[in-house]
There are 2 protein chains.
Amino acid sequence: MIDETTGAVDKRVHRSKQLILTTTYELLSEAGIDGVSVDEVSRRSGVSKTTIYRHWPSRSALLMAACSQAGPQAEVPNTGSLKSDIGALAVQLADQLRSARWAAILPSIIDAAERDPELAQLHRSLHAGLMAPYIAIAERAIRRKELAPGLTPADVAAAIVAPLFYRRWFSREPIDDQFVKKIIRNLVGELSRNARTGKKT
Amino acid sequence: MIDETTGAVDKRVHRSKQLILTTTYELLSEAGIDGVSVDEVSRRSGVSKTTIYRHWPSRSALLMAACSQAGPQAEVPNTGSLKSDIGALAVQLADQLRSARWAAILPSIIDAAERDPELAQLHRSLHAGLMAPYIAIAERAIRRKELAPGLTPADVAAAIVAPLFYRRWFSREPIDDQFVKKIIRNLVGELSRNARTGKKT
């Protein structure tokens, strides 16, 4: 009996936490980070502020939880070669930049990070999560001695995402297949051990 | 007599416009774009809302004017070679990204552009202004046949700024001289006609 009751309570708590996180993310999408307050999350979700604060002690903690749950979730390819790992990740990122909600939300977090140290911390952890798959494929490529000498995993990660980020948030041009293919071709040329050996791709 | 009076009025109008723009930019720096309202600009500058609206019909128009005046002002180098033009622009950009106020403000405009078409227009024109010097040096390099085949001026501009933008707003690592030198070396290798001819830099 006790177990069953605990189970029901756990489920209710779980549902309520989910509702809070979904509402937080919805507000983020609609109005950016300035649109998220514990008051507004409470009003819209119907969950009391006391309950929200019981799970997350601050607005930043709540934002962090909502973003960790709904943010970029990349699958890490392991195709056996740097070239196809890059291809797989670039196609996946291009796809997410075109349509994933986190792509519309990230600028708000970057902006907030300029002025608010707690949100800079949120940005740091989101960024680390976002880059993890790129670091992982680069580390494997280094073990396979596929990378051009002198490159660190962070260099590789930056080289893959920077042109796509630029296109998405700065030039705001469409990220079409032709562009993605061109980026992949350039990256493979630039990063792999055989770069600059005269073979034009 | 009439001319003198007109002159004095012109001067006063000019001073008042400057005060409005400076105040707008100050608010942008402190609180991001959401912190800028005509009400707040009026309150802080002491200039009436009627006067502000007489010069700029909307908040977006005011933001546009403030950003155009205080935004990035790059000098376009014309050193005679792609390599040194890239070097000059990259050093200049790195310096601005480290300390210029526009670098702290741009994310707010990018964020707003995600949700507001008028501010997307503001972003578009700021971005075009920001990229103009890169386009200019690339066009000259094309005329001198220094660029690797198939590259457009926009490709060159993107290649120069993307790694620096990534570092400033995404990875938030320091943009130190060593990094800038590495970027310049990579860019010259990547963009110039002699790229991938086996000569490792």
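This is a predicted model: local features need pLDDT of at least 70, side-chain atom pairs count only at pLDDT 80 or more; totals for chains, interfaces and linings use all residues.
Let me begin with Cys67(A), which counts as buried because its relative accessibility is 4%, and the cut-off for buried is under 20%. The corresponding value for Cys67(B) is 4%, and Cys67(B) likewise counts as buried. As to disulfides, the count over all chains is zero.

Let me turn to the fold of the individual chain. Chain A contains nine helices and zero strands. Read from the N terminus, its elements follow the order α-α-α-α-α-α-α-α-α. The C-alpha trace of chain A extends over about 70 × 45 × 30 Å along its principal axes. Chain A has 201 residues, and 47% of them count as buried. If we take the contacts in chain A between residues at least 6 apart in sequence, 65% of these join residues at least 24 apart.

How are the two chains related? In general, two copies of a chain are related by a rotation about an axis and a shift along it.

I now come to the interface itself. Chain A brings 39 residues to the contact, and chain B brings 39 residues. Between chain A and chain B an area of about 3,400 Å² is buried, and carbon and sulfur atoms give 54% of it. Across this interface there are 13 residue pairs in polar contact, with both residues at pLDDT 80 or more. Which helices of chain A each supply at least two residues of the side that touches chain B? They are α1 (2–31), α6 (101–115), α7 (117–143), α8 and α9 (177–191). The largest share comes from α8(A), with 11 residues of the side of chain A that touches chain B.

One residue gives a local view of this contact. His127(A) lies in helix α7 of chain A. With a relative accessible area of 11%, His127(A) is buried, since buried means under 20%. Which residues is His127(A) in contact with, leaving aside its neighbours within four places in sequence? The partners are Tyr166(B), Phe170(B) and Ser171(B).

The next topic is the salt bridges. Over all chains the count comes to 25 salt bridges, and between chain A and chain B the count is six. One salt bridge joins the side chains of Arg168(A) and Glu114(B), at 2.9 Å from N to O. This pair crosses between chains: Arg168(A) belongs to helix α8 (residues 153–171) of chain A, and Glu114(B) to helix α6 (residues 101–115) of chain B. Are these two residues buried or exposed? Both Arg168(A) and Glu114(B) are buried. A further salt bridge is formed by the side chains of Arg172(B) and Glu114(A), with an N to O distance of 3.9 Å.

Other salt bridges lie within a chain. In chain A, the side chains of Arg144(A) and Glu146(A) meet in a salt bridge of 2.6 Å, N to O. Arg144(A) counts as partly exposed because its relative accessibility is 30%. Glu146(A), at 21% relative accessibility, also counts as partly exposed, because the cut-off for buried is under 20%.

In chain B, a network of salt bridges links Asp85(B), Arg140(B), Arg144(B) and Glu146(B). Elsewhere in chain B, the side chains of Lys49(B) and Asp39(B) form a salt bridge at 2.8 Å, N to O. Because Lys49(B) lies in helix α3 (residues 49–55) of chain B and Asp39(B) in helix α2 (residues 38–45) of chain B, the pair ties together parts that are 10 residues apart in sequence. Lys49(B) counts as partly exposed, at 34% relative accessibility. Asp39(B), at 48%, counts as partly exposed too, because exposed requires a relative accessible area over 50%.

To close, I return to the pair that crosses between chains, from Arg168(A) in helix α8 of chain A to Glu114(B) in helix α6 of chain B. Both residues of that pair are buried.

How values were computed. Residues are numbered from 1 along each chain as its sequence is written. Chains are lettered from A and ligands numbered from 1 in the order in which they are written. Side-chain values use heavy atoms; hydrogens and water are left out. A salt bridge is a side-chain nitrogen of Lys or Arg within 4 Å of a carboxyl oxygen of Asp or Glu. Buried means under 20% relative accessible area, exposed over 50%, partly exposed in between (1.4 Å probe, protein chains only). Helices (H or I, at least four residues) and strands (E, at least two) are DSSP runs, numbered from the N terminus. A disulfide is a pair of cysteine sulfur atoms within 2.5 Å. Contact means heavy atoms within 4.5 Å. Buried area is the accessible area (1.4 Å probe) that two parts lose on being put together, summed over both. A polar contact is a pair of N or O atoms within 3.5 Å; within protein, one must be able to donate a hydrogen and the other to accept it, and residues adjacent in sequence count only if both atoms are side-chain atoms.
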